[in-house]
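Let's take a friendly walk through this model, one topic at a time. Please keep the viewer open as you read.

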There are 2 protein chains.
Amino acid sequence: MNIQANISNPDIPERCRYCVARRHGICGTLDDDQLIALSRHATQRKVGPGTTLVGDGEAIAIFSNVLAGTIKLTKTLADGRQQIVGLQFAPDFVGSLFRVTSSCTAEAATKAMLCTFPKAVVERMIAESPRLRSRLMEQALKELDEARSWMLTLAQKTASEKIASFLLLIAGRPGAAHGPGTRVAVELPLSRGEIGDFLGMTIETVSRQLTRLSKNGMIRFQSRRRLVINDISYLERCARL
Amino acid sequence: MNIQANISNPDIPERCRYCVARRHGICGTLDDDQLIALSRHATQRKVGPGTTLVGDGEAIAIFSNVLAGTIKLTKTLADGRQQIVGLQFAPDFVGSLFRVTSSCTAEAATKAMLCTFPKAVVERMIAESPRLRSRLMEQALKELDEARSWMLTLAQKTASEKIASFLLLIAGRPGAAHGPGTRVAVELPLSRGEIGDFLGMTIETVSRQLTRLSKNGMIRFQSRRRLVINDISYLERCARL
DNA sequence: CGTCCTGTTGACAGTGATCAACTGGCGTGG
DNA sequence: CCACGCCAGTTGATCACTGTCAACAGGACG
């Protein structure tokens with residue numbers, strides 16, 4: 001997007017040079033000076049699965065780019081029933097602006113790499129950069145659309161359709177046209193229980209559906225978390241996409 | 001919010017003077033000149049239930065303020081299964097910006113009054129008004145949060161909890177603290193079938209849950225669409241809020 | 001008065017939840 | 001090095017909630 005950024009300025013810190021957030025995320029909307037200013041307050045950190053980024057109802061004091069790994073956003077009922085309401089991958093930006101408090105918990109689902117900024121600095125950048133603002137608006141609308149699509153999945157689809165939809169989501173952008181028989185290797189970023197919380201079904205049903213697909217020969221497990229989808233287009237038909 | 005607006009300018013058209021969109025909606029972010037400019041391209045129209053505002057996948061050429069009535073946003077699977085993914089009331093603004101195509105259908109659920117603007121004019125206003133932009137961002141984030149909360153309802157709650165959640169949604173903002181025994185009259189903006197499409201259940205289950213509440217004495221029907229909630233706090237307990 | 005449409009009620013069936021037992025991988029400690 | 005325990009996941013048996021199918025009720029309207 002920003003050609004000049006690539007041949008750029010020696011003042012740009014090492015870690016920003018080849019960063020996904022700069023190439024495909026929100027940092028790509030900043031000019032060199034802004035990027036340098038922002039990076040002065042940025043800290044990169046590696047977190048393990050289960051690390052909480054933003055607790056439910058807490059004021060959000062910190063914002064992060066996801067550089068690697070998967071972040072899950074969850075909502076929980078008083079009696080413990082839980083729902084994963086969104087997944088974020090690199091180079092998404094975590095922490096919704098303008099909301100005083102977050103109404104979800106954001107938690108690392110896998111080990112993840114984050115680039116974190118204090119709230120005040122992000123807000124100053126937003127005030128200064130129209131491109132950043134429109135990028136954030138874009139991401140908010142994308143997330144809104146994803147959430148609504150998932151509502152359709154949660155409320156209307158059967159267990160096997162839900163599993164197919166989930167595998168396709170993880171396998172990647174549904175935009176790419178797959179001929180019949182296309183094989184894709186996939187690493188699941190969620191445990192069986194988390195998949196259940198994402199799809200609104202129990203761990204047992206998740207397990208049964210996965211073994212069914214495995215016995216069908218439509219997928220092959222290499223380990224608990226790694227599998228190969230033997231025919232993407234079959235799954236697309238299953239998912240009613 | 002804008003005191004000056006009330007004692008204002010004789011050039012402001014009659015229909016804008018006491019308009020909800022000006023008092024509580026996006027038009028409140030505009031100054032007098034901007035409002036006058038926008039109103040020159042605005043047309044108010046009354047539509048009946050079932051009128052389609054934006055078809056699924058169509059390019060959005062028109063944006064509207066909802067001045068009265070209820071608009072439903074729906075997504076549909078190829079085989080006809082349908083999900084209502086959002087409801088909009090006055091003074092919400094319909095038609096998400098920056099998305100080339102809509103991925104939902106927007107349709108009037110009741111008879112409704114709209115104030116409609118051509119796309120180009122709205123975009124010019126957005127370019128000119130920072131307050132309008134941040135108002136739209138706010139609405140997008142509010143809708144995102146509502147969608148995610150509803151995901152929790154769809155995926156985790158039982159039929160009776162869903163019905164209770166729905167009645168509370170319609171009865172109004174859950175912010176207001178209700179003592180036990182508070183009575184509220186409610187007009188349902190959706191048919192039984194639409195309630196089913198919103199809650200992810202069948203028309204029969206909706207009907208059974210409503211008659212159950214009615215026989216319990218927790219609600220009393222005055223007609224098919226009108227009812228009185230006898231104890232809001234009871235419903236809140238049912239909904240697990 | 002008959003027709004249509006929406007909603008209600010009943011009988012029954014099926015999907016997925018629940019409860020429970022079991023398996024396999026992995027790390028710890030003897 | 002092996003025994004052990006632990007945890008995640010799998011598999012099986014049973015149950016119940018909600019979906020399905022069908023008949024019926026009650027307004028609205030010509």
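Which side chain has an N or O atom 3.0 Å from a base nitrogen of DNA strand C? That side chain belongs to A:E204.

## Ground rules

This is a predicted model, in which local features need pLDDT of at least 70 and side-chain atom pairs count only at pLDDT 80 or more, while totals for chains, interfaces and linings use all residues; side-chain values use heavy atoms, with hydrogens and water left out. Residues are numbered from 1 along each chain as its sequence is written, and chains are lettered from A and ligands numbered from 1 in the order in which they are written.

## Around DNA strand C

DNA strand C is surrounded by 15 residues, the closest being A:A159, A:T205, B:S207, B:R208 and B:T211 (a residue is near a strand if one of its heavy atoms lies within 4 Å of it). Of the atoms of DNA strand C that come within 4 Å of the protein, 65% belong to sugar and phosphate.

B:R192 has a polar side-chain atom 3.0 Å from a phosphate oxygen of DNA strand C, and for B:T211 the distance to a phosphate oxygen is 3.4 Å.

Helix 9 (203–216) of chain A and helix 9 (203–216) of chain B each supply at least two residues of the surface near DNA strand C. Helices (H or I, at least four residues) and strands (E, at least two) are DSSP runs, numbered from the N terminus. Helix 9 of chain B gives the largest share of that surface, with four residues.

## Two copies, one axis

How do chains A and B relate?

## Helix 5 of chain B

Helix 5 (residues 119–128) of chain B has B:V121, B:V122, B:M125 and B:I126 buried (buried means under 20% relative accessible area, exposed over 50%, partly exposed in between, with a 1.4 Å probe and protein chains only). These residues lie on the same side of the helix because they cover an arc of only 140° around the axis, taken from the directions from the helix axis to the C-beta atoms.

The buried residues pack against helix 4 (32–40), strand 3 (62–68), strand 6 (93–94), strand 8 (112–118) and helix 6 (130–156) of chain B, where contact means heavy atoms within 4.5 Å. On the face turned away from the buried side sit the exposed residues B:A120 and B:A127.

## Backbone details

In chain A, the peptide bond from A:A90 to A:P91 is cis, with omega near 0°, and A:P91 is in the loop between strand 5 (82–89) and strand 6 (93–94). In chain B, a cis peptide bond joins B:A90 and B:P91.

A:R240 is not a glycine, yet has a positive phi of about 60°. A:R240 follows helix 10 (232–239) of chain A and is partly exposed, at 40% relative accessibility.

Methods
A polar contact is a pair of N or O atoms within 3.5 Å; within protein, one must be able to donate a hydrogen and the other to accept it, and residues adjacent in sequence count only if both atoms are side-chain atoms.
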